[in-house]
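Reader: Could you walk me through part of this model, and start with any term I'll need?

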Amino acid sequence: MVIMKLFIKSLRDIRQSMGQFIAFVLVIAVGAFFYTGLITLSDNLGSYSNAYFKEHNLSDLNVYYSEISQQDAQALSKINGINKLEARYTFDATQAFDNNQAALKIHSIPANNEINTPAIIEGSFPVKSDEILLDSHYAKEHQLQVGEQIRIVANGSNLAFTISGLTENVEYAKKNAIQDHKSSGFAYMLEEAIPEISGSFTYNELLIDAQDGYHIDTLGQSIEAQSKALPYLNQISKERSFSYSQLQQTIYNNKMMSRVIPLVLFIIEAVILFLTMSRIIDSQRNQVGIMKALGVKNRSIMLHYMGYPVLVGILGSLLGYVIAAIVFVPFVETSNARSYSLPDIEFSLSLLYVVPPILISSAFGILSCYLSGRSILKERAAQAMRHKPPKKMKKLLIERIPGIWGNISYSYKLILRNIFLNKPKALASIVAVVVSTVLLITAFGTQTSLLKVASQVEEVYAYDLRIDYKLGASPESTALLPDGIENSYFLSTFPVEFVKGDESEIATLIVTEKENNLIHFFDEQDKQIALQDHGVLVPKSYADHYQIAEGDLIQLVFTAPELANKTVEMKVLQITNQYSNPSFYVTPAYLQSLGIDYIPNSLLVETSNVADVASTRSFFESEQQVETISDKIDLKESAQYIVKQNSFLFIMFIVSAAVLSFGAIYTISSINIYERNRELATLKVLGYPKQKINRLIFFENIVLTALAILVALPIGGYMFTLVVKALSSTHQQIPNQLNLVVILAAVVLAFVLTILSNLLLRRKVNHINMIESLKAME
């Protein structure tokens, strides 16, 4: 009977403070939304990729040769540490379309293929030498169907193939930085077609499946040593391959986010819940006294109040779970399909994911009820039924200053006294707004930084086309350039390894002429700088990570086979801001002073006008020595891709911060009004109009929000720095600069949310029962 009455009382309390209850539920829903969404993304992507790589046996090591015979490949397969070795022939081809042409990377399918096995999406494996297994995304982009014939150009020959099937492959889980399926694709053909392409039956690539537990670097060194008599070129381990490393980095980042972001939000929710539940119980001390007087046991009273946060936790967690299923999961599916090629991957929420948010939110609510209620429950019924005696308050500092306090209006005196008389309530409001404003500053600032990454591309690169030549070819061999070219400069790209102490990292060294004005460099203050012949320009991403300063000496190891791991020391000329694709830059003169020959392998071109770009591209596409052609739009798309991939998350972060801020301000202000019913009723009796009373509460909340913002600004700057450091790496620099617009946007939104909560609370003030409030002490 008692339990039923307490349950009815709980429902009545919720009905009387429905806005406060809804705000609580929304606060919990925010954390549950992020937790269930991010843990779904992390778990599903991680478990699927592991199973996918295992099922199709992604190669542990790819070894490249100019050519290698079947006998030589068989001999290498006996090296210790190799579980299985498969040889194949890989070549580049192009396919022409109406307005452009696309590049295809084509591989032969080894006999008894067990490494990098294709996943058939439609159709079947090739059974004839003139059949081809085509990239399904590439086929969809160009509207190619199974059974259709395509013509490609490879090694100067025009070849025809019939599409036998559409496929995806583990080695192309991520094809390129922006998953551009229109300009590039991959395909597989039978070994029988090799002689028609190369002129003889030969291979140029080995796929290695290493024995479990065998160190891949040791195996790579053994293969390189055994290949001294062969035309060995290079090797790439699975961990260093673009596709695998990008996917693993994404999985790692998602795991970190699935732990850190929900944890931060749960802590914020816990603080809000703890402070608010404390105020709720304290404001109902007379009801506690009445229940004690009626013989209700202390345990029953405590469980009654604990039921409130448990109910809020359950409803909020379920709401967050449902919103994640409706909003987050579809976004993840779309984003993943745009970012990776993972056939038949599904993202589904497990009901178990809703349990942690319920347990965490309920635990903090129960703890706050216990800590707040135990002191009241220790009091006798008569004592608890009495209102707390008014607090004694010393004079404020401003009262001690002659001539100031007397000139302040009575309304403002009320506001100042109430703030300092109810310090816990004021502190609760300030803490909630501080945390929310910090989140807003961090979210706005990070999104702005990502937009700056995309915009820097146009500032750095002034060329219209970049032409990359095939291995062994050089732009210097091009005798004539087409008409319409305003400027052109040579470029050479070297794969290197940056070494400092026991640490090392793969990097890129770019060599270009000092006069090259088609690439611009900027220092840490965004002032333009120039290349010089006596040092290397170091990207800030590496400088920050390895504590490199101007004038230092750094070590670079040239990993290209023809340079035989030559190690050089270079003097740091300056540190440069390079947000996308950070690389080390030197001049040909400085490179040659280190004993390394400069042979350009790329050409940067600036055309006289936009109309000449298409004809210039066509000219270079007809050159057999040209491997790829890219333009500034490609670079811009690559940078914008990062923004698009992260926009949803930061929008959700901003919305979540807004919900948390609104929920905290609304609930605490609602309790403040409840506690001040008698005071506000007195003002009504004294003739204060409703508008003036509302203005008192409104202005008090504005003052608290202003104080909170002053505290939040330095904390927000620090949090922003931490987030930027977490997102940045040596291969991606995120600008660590908060501009005034970002700060103003966060501040304005914080005030807007305060104003909105005050407008919604006006109804509570207008419905205060004066007689009931004034007689409550009796």
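Author: Let's begin with burial: buried means under 20% relative accessible area, exposed over 50% and partly exposed in between, with a 1.4 Å probe and protein chains only. This is a predicted model, in which local features need pLDDT of at least 70 and side-chain atom pairs count only at pLDDT 80 or more, while totals for chains, interfaces and linings use all residues. Residues are numbered from 1 along each chain as its sequence is written, and side-chain values use heavy atoms, with hydrogens and water left out.

Reader: OK, so which residues of helix 8 are buried?

Author: In helix 8, which spans residues 285–293, they are Arg 285, Gln 287, Val 288, Gly 289, Met 291 and Lys 292; helices here are DSSP runs (H or I, at least four residues; strands are E, at least two), numbered from the N terminus.

Reader: Switching topic, at what angle do helix 9 and helix 10 pack?

Author: Helix 9 (residues 298–339) and helix 10 (residues 355–377) pack at about 155°, with axes 8 Å apart, where axes are lines fitted to C-alpha atoms, for helices over the stretch in contact, and angles run from 0 to 180 degrees between N-to-C directions. That makes the two helices roughly antiparallel, a label for angles over 145 degrees.

Reader: What does UniProt annotate around there?

Author: The unreviewed entry's "transmembrane region" annotation includes residues 302–331, although annotations may be inferred rather than shown by experiment. In the model, residues 302–331 are 100% helix and 0% strand, with end C-alpha atoms 42 Å apart.

Definitions and conventions: Angles under 35 degrees count as roughly parallel, over 145 as roughly antiparallel, 65 to 115 as roughly perpendicular and the rest as oblique.
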